[in-house]
Amino acid sequence: MHVDRTEKLFIFGSITLIVIFAIAIAISGIAYGIQVPAPYEQVNPNTVSTPGNSPFGAPVDERVRELAPGKYEAYILAQTWVFQPNEIRIPAGSELTLYVTSKDVQHGFLVQRTNINMMVIPGQVSQVTMTFDDPGEYNFVCHEYCGVGHQTMYGRLIVE
Amino acid sequence: MYANENKITGWNLVIAFTALFIGGLFGPLQKLQGIGLNTYPTLSSLGIKSYYQGLTIHGVLNALVFTTFFIIGFFTYAISRSLKREQKYPWLHWLAFILMALGLLVAAVPILGNAATVLYTFYPPMEASFFFYLGLTLVVVGSWFAGWGFYFTYWRWRKDNPGEKTPFIALASIITMVMWQIATLGVATEILFQIIPWTLGWVEGIDPQLARTFFWFFGHPLVYFWLLPAYVSWYGMLPKQAGGKMFSESLARLVFWLFLALSIPVGLHHQFTDPGVPPAYKTIHWILTFSLFIPSMITAFSVSASLEIGGRANGGTGLLGWISKLPWGNPSYAAQNLAMILFVFGGIGGLTNASYDLNMAIHNTSWVPGHFHTTLGSAVTLTFFGIAYWLVPAISGKQLWSRKVGLWQAWTWFIGMLLMSNGLHILGLNFGMPRRTMIGSAAYASADWNPLLIEAALGGIILGISGLLFYANMIGTVFSKKRLDEPIEMPVAEPYQPETIPSWLDSWKPWIATTVVLILVAYTPVLIYLFGNLNASSPGFKVW
Amino acid sequence: MKKEDKYKVPQGTIALMIIFIILIIALWGSAYLTMIARGPVG
């Protein structure tokens, strides 16, 4: 099979480029700690929010907990068309672990201007941890179509 | 000769372009809604009960109906001309068309009746009307029949032409149909084995994570089913239209075989942020997806070089001066070359999406429609317009109504798309504005978004005007009194340097084997995992 | 065009491909740096 010399060079260059990109991505995961979501836990979406069954059934004002100084966790229940709780306050410098699940249809969870971006699938618990060094306010929005109220589904993360 | 083929092509194109017209109407309306010009309350009295019903129509008609019908129509024409024979079993192709048209009608009823406002991805446990799923299944199965018709014709050609290399256009088209055949097994499995038993009440719950996985088994090769016909034109026809030649025939064939093997075992790159899929499997799909970079880079070089031959043959000189000597006055050429330029951005965006954790920077943001409008909406759709500019005259026997309107159409599409996709890309990456959302009414909308939303809306309006120009030209052509002076022949690019094609580039067995092995490697582990962790708990929801 | 179709190096294509590669690096790189700046998540 004959390949033109300049095209051969170009193909070789493209392969080199994509390998470099792959290494850059590997570095982003290994050295910069940017990880995609992984399975954490499964639940029954029909009973997950029943009080007493899981943290997702706790009263809404008990869903954000300080585990230790500077370490917080929040259990957010997604449903058409709200996140509960829809407001989370943590001090700057805190490490926050979020657990999100849905009791009905597929939703999404995107904390704008951060790398927190997960699907929220009934039956699965989505988990992510991030340290918020600086004060600021972030909206977290549902980014998967979930019905006619989809555009109202959001919450606020306030780092004080 | 070709009387049947021309009728089938013609009918498929009629349905394709009618679907695009209806689906396309919602495009500008969606963009206007984003800047506060909300037509949906008025549309409600016309039967479109929500933005999302409109978006469902937009997605289903544009991404599934327009594409599938156009591609089948185009391939019916192209394969028969390339093999210089009529299709072996015309009844198979008519049956295919009837099934597809029937499927469209069956699905259209619930979609228009607001009983299937689930968008074109119909993710369970959102539950649409049974007839929505039935309709889509019929469209897909109908397309299989068309493919089988092509295979029988090709098989007969091979028996009659032993030892001859398959003509490029026919080979590339049939490879595309085979890829589609295998790809659709994913969505067929999702619909037949998960959704239909669930929606008929035979099983109580569905596992949405498994359903997503079956859908995206299909969903990624779906985009290559759209793209490869454009590549057939860019490689196999456009160079002829430009006075050029096919720069490397072997590489062109290799590219299509590579797409057969590599388009399917990559679906998890649409699921990088899924909670129920382990990262190890996502990583495998990431690496396989990166390999797809290579056939598209080869395409960029080869197609450009093929066109350069034409530009220089037409008197072009200098490093880049030959570009101006390409047939920009031919709307078929202009549309396709502009489509390629837009595809530069589509391809780079696609590479970004495929880059594993980088996907989290843009997943489900408006970057994604920004991306697929430069790929499906430009590389594919604008190329299909370019093809129509000679194909519709060819099968109708009429002259193109207006060359000038064709040029205006191509350039307005180009400008409109640049504006719209630029706005959407930036809103997604930098602002985290979500996709698939009635953004003009979003509770969290930010004033920061407005300049870019206005840019996107301006782009959308220009695209709408461009679309109208296309339809005016098509209607003008079909109803024109001016017949062609001579029949239009399919443009077929000749090789620049004739070469013997090695037999491994004209054999199916090794490539089908490779395809199957890669699919097994990519999907067996994750499917075993998902079945081992099956959570079929979700009942259906009607959320509109 | 039937005059000698002698092979010529596709210089214009090479130039365009260089521009293309620069664009890829610039745009992908910009998205990549945006992600890096947003910090670790996992």
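Mentor: The crossing of α1(A) and α11(B) is right-handed.

Trainee: What makes the crossing of α1(A) and α11(B) right-handed?

Mentor: The term applies when the near helix is turned clockwise from the far one by less than a right angle. The crossing of α1(A) and α11(B) is assigned to that hand. Their axes cross at roughly 145° and come within 10 Å, with α11 spanning residues 293–313 of chain B.

Trainee: Which residues make the contact, and how are they divided by class?

Mentor: From α1(A) come Glu7(A), Phe10(A), Ile11(A), Ser14(A), Ile15(A) and Ile18(A), while α11(B) supplies Phe293(B), Ile294(B), Met297(B), Ile298(B), Phe301(B) and Ser302(B). The division is 9 nonpolar, 2 polar and 1 charged. Glu7(A) is counted as charged because Glu belongs to that class.

Trainee: Why are α3(B) and α4(B) called roughly antiparallel to each other?

Mentor: The angle between α3 (residues 51–83) and α4 (residues 90–112) of chain B is about 175°, and their axes are 12 Å apart. The cut-off for the term is an angle over 145 degrees. The pair therefore counts as roughly antiparallel.

Trainee: Which residues form that contact, and how many of them are charged?

Mentor: On the α3(B) side are Thr56(B), Ile57(B), Val60(B), Val65(B), Phe69(B) and Thr76(B), facing His93(B), Met100(B), Leu104(B) and Ile111(B) of α4(B). None is charged; the contact has 7 nonpolar and 3 polar residues.

Trainee: How do you know that α1(B) and α15(B) are roughly antiparallel to each other?

Mentor: The same cut-off, over 145 degrees, is applied. Helix α1 (residues 3–34) and helix α15 (residues 450–478) of chain B pack at about 155°, with axes 8 Å apart. These two helices are therefore roughly antiparallel.

Trainee: What is the hand of the crossing of α1(B) and α15(B)?

Mentor: The crossing of α1(B) and α15(B) is left-handed. Among the residues that meet there are Gly24(B) and Gly27(B) of α1(B), and Gly460(B), Gly464(B) and Gly467(B) of α15(B). The contact has 11 nonpolar, 6 polar and 1 charged residues.

Trainee: How many residues does each chain give to the contact of chain A with chain B?

Mentor: Chain A gives 56 residues and chain B gives 57. On the side of chain A, α1, β7 (107–111), β8 (117–120), β9 and β10 (136–141) each supply at least two residues.

Trainee: Where does chain A divide into domains, and how far apart are the domain centres?

Mentor: Domain 1 covers 1–34 and domain 2 covers 41–159. Their C-alpha centres lie 37 Å apart.

Trainee: Which peptide bonds are cis, and where do they lie?

Mentor: One of them joins Thr80(A) and Trp81(A), with omega about -10°. Trp81(A) is in the loop between β3 (71–79) and β4 (82–84) of chain A. Another runs from Pro124(B) to Pro125(B), with omega near 10°. Pro125(B) belongs to the loop between α4 and α5 (130–160) of chain B.

Trainee: What is the phi value of Arg113(A)?

Mentor: Phi of Arg113(A) is near 70°, which is positive although the residue is not glycine. Arg113(A) is placed in the loop between β7 and β8 of chain A.

Trainee: What are the confidence scores of the model and of chain C?

Mentor: The model has ipTM 0.98 and pTM 0.97. Chain C averages a pLDDT of 91, and 88% of its residues score at least 70. Where pLDDT is low, the predicted coordinates should not be read in detail.

Note on methods. Residues are numbered from 1 along each chain as its sequence is written. Chains are lettered from A and ligands numbered from 1 in the order in which they are written. This is a predicted model: local features need pLDDT of at least 70, side-chain atom pairs count only at pLDDT 80 or more; totals for chains, interfaces and linings use all residues. Domain bounds come from an automatic or database domain assignment. pLDDT is the predictor's confidence in each residue, from 0 to 100. Axes are lines fitted to C-alpha atoms, for helices over the stretch in contact, and angles run from 0 to 180 degrees between N-to-C directions. Helices (H or I, at least four residues) and strands (E, at least two) are DSSP runs, numbered from the N terminus. Angles under 35 degrees count as roughly parallel, over 145 as roughly antiparallel, 65 to 115 as roughly perpendicular and the rest as oblique. Two residues are in contact if their C-beta atoms, placed from the backbone, lie within 7 Å.
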